[in-house]
Amino acid sequence: MSTKSALITGITGQDGAYLSKLLLEKGYTVYGLLARRSTDTLWRLRELGVDKQVQLIDGDISDLSSLIRAMQLSAATEVYNLAAQSFVGSSWQQPVLTAQLDGVGVINMLEAVRIVRPDARFYQASTSEMFGLIQAEMQDERTPFYPRSPYGVAKLMGHWATVNYRESHGMHASSGILFNHESPLRGIEFVTRKVTDAVARIKLGLQDKLHLGNIDAKRDWGFAGDYVEAMWLMLQQDQADDYVIATGITTTVRDMCQIAFAHVGLDYQQYVVIDEKFLRPAEVDVLLGNPAKAQKALGWTPKTSLQQLITSMVDADLRRLQA
């Protein structure tokens with residue numbers, strides 16, 4: 001019986017599901033904070049076959065009292081704060097909510113850890129969107145931040161709060177500055193999954209066109225299953241620190257579309273339509289992470305190529321639609 005127990009906020013998300021699977025395989029008792037929603041949010045845990053193995057605690061990142069209770073019930077030795085309003089596009093429509101969840105919510109969780117179990121190790125899900133209008137060709141832990149969305153601004157608050165609790169209270173609090181990471185469990189509103197779902201639908205004759213915004217935007221895309229391993233590795237270090245997690249390769253949305261359509265024998269140019277309604281008020285044109293520090297300090301390297309990632313997502317969407 002493992003003495004290690006982990007509390008994951010955002011357990012019903014893509015990263016939460018993959019992290020749950022990883023920790024269960026390592027013998028952890030896994031608790032998850034479950035914010036009650038009217039829709040079914042447990043499908044990702046079911047898809048990975050871990051829904052019966054995790055212990056869910058009702059709570060919300062915006063409610064400090066529920067977080068204190070979750071810390072008491074779980075007696076967590078490791079806390080992974082993945083809960084967020086994580087869709088960049090929605091953050092312009094819901095800036096206050098985004099700030100409450102992605103900024104103040106992080107402080108709520110840090111406070112709950114500090115009050116109940118200050119020796120627990122804490123992971124904060126930071127994001128490459130904090131770099132925004134990039135100040136260096138490749139972004140690493142020393143690159144200045146310049147967020148370009150309410151999401152990036154809110155996440156930056158959570159990031160600096162984590163640094164502050166580490167320095168003010170001596171907590172083992174680390175941030176992973178994760179670049180875009182995708183999987184067959186990605187939400188349909190994110191561009192990679194929007195593309196792979198549309199490719200499957202077009203291939204099966206269920207859809208005619210795919211409407212996208214700026215397809216020349218460049219992103220550094222990796223596989224979420226690889227990236228959760230980096231989260232775990234951060235909390236196994238003697239000293240807490242912040243790490244960029246990325247592949248070090250940047251690809252346009254256009255090239256990603258080409259990979260997805262080619263996988264089912266189609267030419268993307270015949271199906272992709274540029275639609276102005278999907279253009280952002282302030283665009284992040286390029287993101288390219290430098291994972292050298294994580295490779296050296298954590299021994300972490302990504303295992304999955306973009307080709308493998310996108311084709312696996314297309315295959316998963318084809319399976320879902322055919323079922």
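Hi everyone. Before we start, one definition: when I say contact, I mean heavy atoms within 4.5 Å. And please keep in mind that this is a predicted model.

With that in hand, let's begin at Ser-20, which sits in helix H1, residues 14–25. Which residues is Ser-20 in contact with, leaving aside its neighbours within four places in sequence? They are Ile-8, Ile-11, Val-30, Leu-45, Val-50 and Val-54. Is Ser-20 buried or exposed? Buried, because its relative accessibility is 0% and the cut-off for buried is under 20%.

Now let's step back to the sheet. Seven strands make up an open sheet, and if you follow along on the structure, the order is S3-S2-S1-S4-S5-S6-S11, with parallel pairing. At the edges are S3 (55–58) and S11 (242–245), each of which pairs on one side only. Going from one strand to the next, the twist averages 20°.

Let me zoom in on one pair. S5 and S6 run parallel and are joined by six bridges.

H4 touches S1, S4, S5 and S6, and its direction makes about 170° with that of S5. H5 touches S5, S6 and S11, and here the angle with the direction of S5 is about 155°.

Let's stay with H4 for a moment. This helix covers residues 95–116, so to speak 22 residues from end to end. From first C-alpha to last, H4 reaches 30 Å, close to the 32 Å expected at 1.5 Å a residue. Where is the kink in H4 centred? On Gly-105, with a bend of about 40°.

Gly-105 is also one of the buried residues of H4, and others on that list include Thr-98, Leu-101, Asp-102, Asn-108, Met-109 and Glu-111. What covers the buried residues of H4? The cover includes strands S1, S4, S5 and S6, together with helices H3 and H5.

H3 brings me to my last stop, Ala-75, which is found in the loop between H3 and S4. Ala-75 is not a glycine, and yet its phi is positive, at about 45°.

Key:
Residues numbered from 1 in each chain as written. Predicted model: local features only at pLDDT ≥ 70, side-chain atom pairs only at ≥ 80, totals over all residues. Heavy atoms only, no water. Helix = DSSP H or I, 4+ residues; strand = E, 2+ residues; numbered from the N terminus. Expected span 1.5 Å × (residues − 1). Bend = angle between axes of the 7 residues up to and from the residue. Buried < 20%, exposed > 50% of the residue type's maximum accessible area, 1.4 Å probe, protein only. Pairing = 2+ DSSP bridges. Axes fitted to C-alpha atoms, helices over the stretch in contact; angles between N-to-C directions.
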